[in-house]
Amino acid sequence: MAKQKKIERISADEYFLKIASVVAERATCRRHNVGAIAVRDKHILATGYNGAPSGQKDCLELGCLRDELGIPSGERHEICRGVHAEQNVIIQSSLHGISLERSTVYCTHTPCVLCAKMLVNAGIKRFVSYGTYNDREFLDLFKEAGIEIDIKERPSSRIKYLD
């Protein structure tokens with residue numbers, strides 16, 4: 001009888017963070033590839049990544065105005081033509097008539113304060129990430145709103161499966 005391989009099952013948090021990482025691969029930002037997914041009851045509600053508004057030229061094609069002007073990460077968001085991953089996850093859920101109330105958002109980076117305000121108003125209950133963005137103002141806002149913040153280790157990029 002052949003010896004069976006022992007495979008450890010990853011946690012739900014690691015699973016959803018890995019999926020957010022794959023979503024980030026669609027990003028069109030030259031600075032950060034950010035992916036976000038909204039989950040409720042272990043079911044994915046919507047996904048989002050950072051990039052230009054739908055149907056518009058993106059930064060991969062046009063270049064990055066923020067880089068050209070030397071604007072540091074986390075500042076002067078209005079100059080960027082990109083829509084943040086968290087904003088896109090809210091927009092996608094809205095377009096499809098899905099409420100994010102009581103959901104968990106898994107994201108490759110912590111949110112800027114603008115996205116944090118939107119997530120509070122969307123009614124999320126938990127935010128899980130493994131990367132940090134250069135804007136820490138979300139911490140007090142989430143604490144005041146009662147949103148649980150969970151910063152995890154970056155999940156392995158290795159995909160484990162049996163052939």
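Mentor: The account below starts with the helix pair, moves to the nonpolar cores and ends with one tyrosine.

This is a predicted model, in which local features need pLDDT of at least 70, side-chain atom pairs count only at pLDDT 80 or more, and totals for chains, interfaces and linings use all residues. Residues are numbered from 1 along each chain as its sequence is written, and side-chain values use heavy atoms, with hydrogens and water left out.

Helices here are DSSP runs of H or I with at least four residues, strands are runs of E with at least two, and both are numbered from the N terminus. Helix α5 spans residues 113-122 and helix α6 residues 138-145; their axes are 9 Å apart and meet at an angle of about 10 degrees. Axes are lines fitted to C-alpha atoms, for helices over the stretch in contact, and angles run from 0 to 180 degrees between N-to-C directions. The two helices, α5 and α6, are therefore roughly parallel (angles under 35 degrees count as such). On the α5 side the contact (heavy atoms within 4.5 Å) is made by V113, A116, K117, L119 and V120, and on the α6 side by F138, L141, F142 and A145.

L119 and F142 also belong to the largest nonpolar core, which has 18 residues; they are listed with V105, I124 and F127 as those with the most contacts inside it. A nonpolar core is a set of buried Ala, Val, Leu, Ile, Met, Phe, Trp, Tyr and Cys residues joined through side-chain atoms within 4.5 Å; buried means under 20% relative accessible area, with a 1.4 Å probe and protein chains only. The elements giving two or more residues to this core are β1, β2, α4, β3, α5 and α6, and α4 supplies the largest share, three residues. Leaving out residues up to four places away in sequence, L119 touches E86, I90, V105, P111, I124, F127 and F142. Both E86 and I90 are among the buried residues of α4, whose cover includes β1, β2, β3, α5 and β4.

Another core, of eight residues, lies apart and includes V23, Y106, V128 and Y130. Y130 is in the loop between β4 and α6, and its relative accessible area is 15%. Its C-alpha atom is 5.9 Å from that of T108, 22 residues away along the chain. The side chain of Y130 makes a polar contact with the side chain of S21 at 2.8 Å.

Definitions and conventions. Parallel < 35°, antiparallel > 145°, perpendicular 65-115°, else oblique. Buried < 20%, exposed > 50% of the residue type's maximum accessible area, 1.4 Å probe, protein only. Polar contact = N/O pair within 3.5 Å; in protein donor to acceptor, adjacent residues only side chain to side chain.
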